[in-house]
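This briefing goes through one protein model, topic by topic. Look at the sequence and the fold before reading on.

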Amino acid sequence: FRERGLVAPGAMLNWELMVGNSNTRWHWDSSPEAPEPVIPFDGWLFPDGTPVWFTEAEAVRGYVTGVSRLLLLETFAPHPLKPWTVLDDSFLTLLASSASWPNQSREPVMPTSWSSESQFVGELVLEAALWLVGEQSRVSIMFGGMYTLAVDASTRSLALARAGQVVGNYSMDDIPDGGLDNFSWNMLRITLLQNQVCVWWNPKLPEVLDLESGAVSAVKPRICHPEPAALRGNLLITCEAGEARVDFVGVMPPEVLLQS
């Protein structure tokens, strides 16, 4: 990052390192009745020691050491040739082909999908911050050449398919206080590791830490499916219904899971 001249932080401020009982995981404008946030507002580590975002942890390590293991970090900074694809806080906006802007006559055409330029082979860790705008939005993430993960706001569900056949489902309503925020970012992590594909979605503190006893559990995936083959393919994110936003995409080698 330093060589590219994109960022040069001199200091990083944080209320607390661990997501815990100080309640800084809620935004300071949150009401006392606010549900458990899908992504902690503050705190970088869950009590089991895993980062909230492996991408964030690897970006910090890469800046400090000067050696980055990130295979891809797309933050969707404004592109001089496609300024309409990024709005305000530097995120990508995807609009389904069936949707339209209220002032369509004045707005340029928004992209429906985004694809990585490179193919990724073998074991890897993939993360993305997604915002499904509205209750009818649906996003698909294609990876590994044969897998597709559907994130559906209308059914509040995750569906993992291999070569077009669904091999795993998960209801977001099984997550404490609900597992989807239509008004903010949501955390997606996919791992291709040890002959299986696993999907994480919005892990929450009560799933990791028993607030009464203090017992700590590991952050667990929502879906896992065995996969003996070595996978190869681009990453493709498509908005299939409504509107979706992508804040960043990170792809990393499996070593980050053991050394973060």
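Residues 24 or more positions apart account for 64% of the protein's contacts with a separation of 6 or more, a contact being heavy atoms within 4.5 Å. This is a predicted model, in which local features need pLDDT of at least 70, side-chain atom pairs count only at pLDDT 80 or more, and totals for chains, interfaces and linings use all residues. Residues are numbered from 1 along each chain as its sequence is written, and side-chain values use heavy atoms, with hydrogens and water left out.

**Overall make-up**

- The protein has three helices and 14 strands; these are DSSP runs numbered from the N terminus, with helices (H or I) of at least four residues and strands (E) of at least two.
- Of the 260 residues, 43% are buried. Buried means under 20% relative accessible area, exposed means over 50%, and partly exposed is in between, with a 1.4 Å probe and protein chains only.
- The accessible surface comes to about 13600 Å², and 54% of this belongs to carbon and sulfur atoms. Accessible areas come from the Shrake-Rupley method with a 1.4 Å probe; for residues, only the protein chains shown count as cover.

**Aromatic pairs**

- The structure holds six aromatic pairs. Rings of Phe, Tyr and Trp (its six-membered ring) pair if their centres lie within 6.5 Å; planes under 30 degrees apart are stacked, over 60 edge-to-face, and the rest tilted.
- F76 and W114 form an edge-to-face pair, because their ring centres are 5.6 Å apart and their planes stand at 80 degrees.
- F76 is in the loop between β1 (72-74) and β2 (86-87) and W114 is in strand β4 (residues 113-115), so this pair ties together parts 38 residues apart in sequence.
- F76 is buried at 5% relative accessibility, and W114 is buried at 14%.
- W131 and W185 are also edge-to-face, with centres 5.3 Å apart and planes at 80 degrees.
- W131 is in strand β6 (residues 124-143) and W185 in the loop between β9 (165-171) and β10 (186-193), 54 residues apart.
- Together with F91, W131 and W185 form one aromatic cluster.

**Charges and rings**

- The charged end of R245 sits over the ring of W131, 4.8 Å from its centre. The cut-off is NZ of Lys or CZ of Arg within 6 Å of the ring centre and within 35 degrees of the ring normal.
- The charged end of R189 sits over the ring of W200, 5.9 Å from its centre.

**Salt bridges**

- There are nine salt bridges in the whole structure, each a side-chain nitrogen of Lys or Arg within 4 Å of a carboxyl oxygen of Asp or Glu.
- One of them joins R189 and E127 (2.7 Å, N to O). R189 is in strand β10 and E127 in strand β6, 62 residues apart, and both residues are buried.
- R245 forms a salt bridge with E243, with the closest N and O atoms 3.2 Å apart. R245 is buried at 18% relative accessibility.

**Disulfide**

- The whole structure has one disulfide, defined as a pair of cysteine sulfur atoms within 2.5 Å.
- This disulfide joins C198 to C224, S to S 2.1 Å; the torsion about the S-S bond is about 110 degrees, so the disulfide is right-handed.
- C198 is buried at 4% relative accessible area, whereas C224 is partly exposed at 37%.
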